[in-house]
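Have the sequence and the 3D view open while you read.

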Amino acid sequence: IGQLGPTGTAAFGVASQALGQVPILIGFGVAVAAQMLIAQLVGSRRGEEANRVAGQAIALAFLISIPIALVGQLPAGLLGLVTRDASVIAAGADYVRIVYGLIFVQLFGMIFSFALLGAGETTTPLLLSLFSTPLTLGLEYALVLGHLGAPALGLLGIGIAVASASLGSLAIGLFLLLSGRCRLRLRARDLLPEPRLLRSIAERA
């Protein structure tokens, strides 16, 4: 990050601060709420209900992501809440558009890990992290400063790297959940919003 120069470094810090203040905190709350409910249900041997809660947590994250993604397409106003430096805002604009626009994939990763931990499964979230973290770092190395023949995209490269790795994790996570290759197994109908369960998760978030 330091090699992006003062403006790029400041833009990353400002964008990360804006991202962490609301979207990630909301996602963390939903993930923890889902984990608690799933742990209770699994402990009571109510596996089908636990599956349903996991699906509803994902659905809630998707619904929450829609307004967040829309807000992210107005990066000047968003970053302007944190800084008045026009050069910093301009440098961070594209990064914010990508990361906010695909915020759901990041929230999904949190919910996937916490839901499985609630079900008593620790290995799968760890393995998924071992896939996504090196991939993110490798893409950032290539795209930020143009290593390995890739274009030097600066801060935008970080956004693309994070989005690419998160999309890969989303695909793998959904495959595992829908195919039953982990302790939770979702059916397509589990992802359809159910107001009662959505409200129950939101109240605990």
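1. Let's start with a term: a salt bridge here is a side-chain nitrogen of Lys or Arg within 4 Å of a carboxyl oxygen of Asp or Glu. R196 makes one with E194, the closest N and O atoms being 3.2 Å apart. Before going further, keep in mind that this is a predicted model, where local features need pLDDT of at least 70, side-chain atom pairs count only at pLDDT 80 or more, and totals for chains, interfaces and linings use all residues. Residues are numbered from 1 along each chain as its sequence is written, and side-chain values use heavy atoms, with hydrogens and water left out.

2. How exposed are the two partners? R196 is exposed, with a relative accessible area of 54%, while E194 is partly exposed at 22%. (Buried means under 20% relative accessible area, exposed over 50%, and partly exposed in between, using a 1.4 Å probe and protein chains only.)

3. Now look at D190, which has a salt bridge to R52 at 3.6 Å, N to O. D190 sits in the loop between helix 8 and helix 9 (195-204) and R52 in helix 3, so the pair ties together parts that are 138 residues apart in sequence. (Helices are DSSP runs of H or I with at least four residues, strands are runs of E with at least two, and both are numbered from the N terminus.) Both D190 and R52 are buried.

4. D190 also pairs with R187, again at 3.6 Å, N to O. R187 counts as partly exposed because its relative accessibility is 32%, whereas D190 is buried at 2%. Step back and you get a network of salt bridges linking E48, R52, R187, D190, E194 and R196. The count of salt bridges comes to seven.

5. Which residues does Q56 touch? Leaving out residues up to four places away in sequence, Q56 touches D190, L191, L192, P193, E194, L197, L198 and I201; contact means heavy atoms within 4.5 Å. Q56 belongs to helix 3 (residues 47-72), and it counts as buried because its relative accessibility is 0%.

6. Helix 3 also holds L70, which is exposed with a relative accessible area of 56%. Together with F62, L63 and I66, L70 forms a nonpolar surface patch with about 370 Å² of accessible area. (Patches take residues with over 30% relative accessible area and no salt bridge, joining like charges within 9 Å and nonpolar side chains, namely Val, Leu, Ile, Met, Phe, Trp and Tyr, within 5 Å; the areas come from the Shrake-Rupley method with a 1.4 Å probe, and for residues only the protein chains shown count as cover.)

7. Have a look at helix 5 (residues 86-101) too, where a kink of about 40° is centred on G92. (The bend at a residue is the angle between axes fitted to the seven residues ending there and the seven starting there.) The buried residues in helix 5 include V88, I89, G92 and Y95.

8. Finally, some backbone angles. Most residues other than glycine have a negative phi. R45, in the loop between helix 2 and helix 3, has a positive phi near 60°, and R45 is exposed at 78% relative accessibility. L148, in the loop between helix 7 (123-145) and helix 8, likewise has a positive phi near 60°, and L148 is exposed at 74%. Just after helix 8, G180 takes a positive phi of about 75°.
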